[in-house]
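Welcome! Please take a moment to look over the sequence and the 3D structure below.

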Amino acid sequence: MNLAIQLIKHFVKNYLFCFLWLLSVAAFAQEDPLYFKYSDENGLPDSETYELLQDHQGFIWIVTARGLVRFDGFYFKHYHAKQQISNALTGIYEDAAGKIWVNDFTGRIFFVEKDTLRLFTAWNPKNSFSFPHLEVNKKGLWVVSYEGIYLFKDKRKKNHKFWNISNHRAVSSTENETFVALPHRLLHIRTELDTVSYPIPELSRHSEILVYPFQKKQYLLLTSTGSIYEFLPNDKIAFRQSIKVDAFVYRHKFIGGKLYACSDKGLWVFGFKNNFWQLEKHFFREMRVSNIIQDHEGNLWMTTLSNGVLQVPSLQTTNMALPDSEILMKVAISENEILMGTEKGKVYLNKQLIYADTNQKSISTLAFSADKKTALIGANYLLTVALYNSTATKKTPQPFVINNALKQWNEFKYQNKSLYILCSSSGVYVASPDDYTTARSYLPKYLSRKIKNQQYNLFDNDKNWSLLSTRASAFLHDEKAQIILVITKDGLVKIDNQKTTLLTDKGEAIYATCIDKVKDLYWVGTATNGLWLINQSGKVLKKINRNNGLLGNSVYKIRAGKKSIWIATDNGLQQLNFEAEPVSALSIQNGLASNKINDLVIFNDTVYIATNRGLLRFSEDFSNQNQTKPRLYLQRLQYQNLTDELPHITAEINALHLQYAYKRLVIELGMMTFGSRTLQKFQYRIKGSKKSNWIKNKFTENSIDLTALSAGNYTFEAFVLDKNDKPTGEALKIPIQIAYPYWQTLWFWSIIFALGLGLAYGLFSLRIRAIKERDKLLIEKEKLQKDLQSSLLASIKAQMNPHFIFNALNTIQYFIFNNDKAKANHFLSKFSQLMRKILQMSNVESVSLAEEIESLTLYLTLEQMRFQEALHWQINVHETLDTEEIYIPSMLIQPYIENALKHGLLHRESKYLTIDFLSEKENYLQILIEDNGIGRKKAEEIKQRKNDVHISYANSANAKRLDILNQHRADKIALQIIDLYDEKGEASGTKVILHIPYAIS
């Protein structure tokens, strides 16, 4: 049967052109970013939404026409107040303390406290029409109304400040500054709460405003006109540009270096280029977008006035949706065209339907012809459809019937001939425009070999022949190496000019799902074993799976781009570099509507993904890695029974304290995530219990009912589990303390112990009395010993005092002998003062440092007179010493000064003496006595030459005194004497160092 008859039969049987052209007018929906929608159909109380924000804990708060809700990525929690007249709310803010604020359309303000919406009673306007506009910054809560501007610090205090300025409405703020729109001027309330006014003629009290920082400057944007002003130094402002759009704009937002206009005709995105804001994209044109924010994970969230809330993982990904929710199966790309084949047998060229199968057979292969004028379509047939026909408006199908399902075909040029390799359920075939005999003369051997005992031809003619008769699903044609690798039911087969070989690894066949060539290596995807890299000889060089970085072990598609390799797995799309190392990933968690990828094409650095929701495309440089891990939080706690609920519990709970023998404990968990929608499991344990093993739960069973624990300390721990059942994110830990029964408590055993002590006291009272009597005798004995030592100390003082007096009288005698009455008189006056001091100090154990210094000053003054001004002395007291408060043993220092004068300085013409009082360490005094005398050694030699047998009573008495004083001291008095020498090694004086612990009065 010739080809023409087959074409006619196939056309009459399977295609109704009138139906085809009626369907061809169907156009694609608007090409918008991929998004996830939340509405009244999946948890929101209403699809009319106004405002939203993300709080510091990560929750998304949404203001709807039917109240306030909080969203954690899985569940919506509703908030209501008893004072609400209407459920509709507007405006939402979070203050520095983490409190959420909203207001209703009657002008009242509410805040969230302890999971309840409460009325803010401090705001009580006199004018019932005084509708407030709120703003929150570090200064507090700003309420802007027709009555004036109020600043509240918290919910308890009255207004901290009030500006009596009316006829204003809009407000915007930075961290410390607030801006209010007035008629024809802008009021700027600065950090110190002083104000400055900027004239702006186009500003009215109905204007919405936005103040935003950009490139180290601050700008004002008027929503109604799109005008942008720049704040200048010296309290000036200047117009910069306008960003008007053809829509009514509800508000502007500045996010991530871009300006967003939320309008009744969708979302307008402006980027800053060449020193001006320029429109970049316009999305969601059929929606009324009322607000937009960016969450902590990088997702954009938008409220709409009729379509609920939209979550957009990234604006970098665009999705071309098919009409009637068609499922896209195959994609082919050329320079300016996109071919798309669906599950129901339809093929679209860009936005126009060009073919529809009446049997609705799924398109299994799709390609452009070599000249880009024909679409090559495959299902259970091979069909060519002319893409462009200048003489007719209708497309001309050219079907070739195949008796078995067609899986793949490739067109290529060989010696200027168009050739085809086809893969189907009956094997692999080569088709040529020439018959077999002619084609064999110019084809290479690996394409021209016929299979023995061939029973039929693909097209029932001699222009095509079989290379492999085994059921096949895909192939790779390597023209350079003259190799065809075929994925068959028996494994991966290699066809070359030598033979047909079944490739194996360690004797086992390689069962593949897809294949591509990357830099002379064949990358083979498997159904369960990940990704394998094979060289041209068929040897497996490397295996990659989930254990070493692959996103999933089931690989469906492999495509090599110019910069990297893209792998479609059961867990989403993964990008690898040419060394097979992971670069990034795109999955349902961060951009894909489904991890099921039907086709994957890379063309001109753009990645095209066929999914059930349409054609997703993005640049090969795209990276949307979600670094924020999901986390569990404590949603509710109950104990004893289900009606006896604990007081308000927050996620920051420190510990849970329960009484002994409680009946029941219920822990209800929540999970915070806005990207990981597939995470539906968690594990928990009670650390410290007898059975502390991990227990896995589905997140739909997030209420954990624990039986009564025995007394003790425990820790409840829980983790989110990923797809591999491995813990991910931060652990939730709740310490649990179960009180002990009274017979195991400390107070019970304290009573028992006290009773035992009382009994022991009664039994051993006689013994205790005897011990007391013995201790009394020991104390009396010790007192007698101390009295004896005190008497000895007084005796030493009495011995020392006459010696000092004797030396002083000698000096007076000297002046009288020389008939120097004035000096004798002066000396006698000073001497009497010193004697009075000595008598006073002799009767006390310790004196203040000030008194000691005063007596030393008198003594040295007298000695200076005696030496006829040849003595130069100086007393230095460190500034940190309080001489009135410090007490030391009396008359302890003077003997060492006397010794320096008598033995060291006596033989010097110029006598220098320095006394330094220093603070050494806590409660320790350091005293340095330094002279420029002849030194101890030379003084001793002189003493021996003169046969001076005089014993220094002062030195010996002071030594004995130190011994007695140190007997009853924990902190000892220390003495150190150092001989000083000059550079020639000759004696140059003596230094005495005393370390004296002192008392504070």
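## About the model

This is a predicted model, in which local features need pLDDT of at least 70, side-chain atom pairs count only at pLDDT 80 or more, and totals for chains, interfaces and linings use all residues. Residues are numbered from 1 along each chain as its sequence is written, and side-chain values use heavy atoms, with hydrogens and water left out.

## Two nonpolar cores

Let's begin inside. A nonpolar core is a set of buried Ala, Val, Leu, Ile, Met, Phe, Trp, Tyr and Cys residues joined through side-chain atoms within 4.5 Å; buried means under 20% relative accessible area with a 1.4 Å probe, protein chains only. The largest such core has 45 residues, and those with the most contacts inside it include Ile893, Leu901 and Phe917. Helix α8 (residues 849-866) gives the most to this core, with eight residues; helices here are DSSP runs of H or I with at least four residues, and strands are runs of E with at least two.

Leaving out residues up to four places away in sequence, Ile893 touches Glu852, Leu856, Ile888, Phe917, Ile927, Ile929 and Leu994 (contact means heavy atoms within 4.5 Å). Apart from this core lies another, of 31 residues, among them Tyr38 and Trp301.

## An open sheet

Five strands form an open, antiparallel sheet in the order β1-β30-β59-β58-β57. Two strands pair if DSSP finds at least two bridges between them. At the edges, β1 (32-33) and β57 each pair on one side only.

Strands β58 (residues 606-611) and β59 (residues 614-619) pair over six bridges. There, Thr611 has Gly614 of β59 as its bridge partner.

Definitions and conventions:
Buried < 20%, exposed > 50% of the residue type's maximum accessible area, 1.4 Å probe, protein only.
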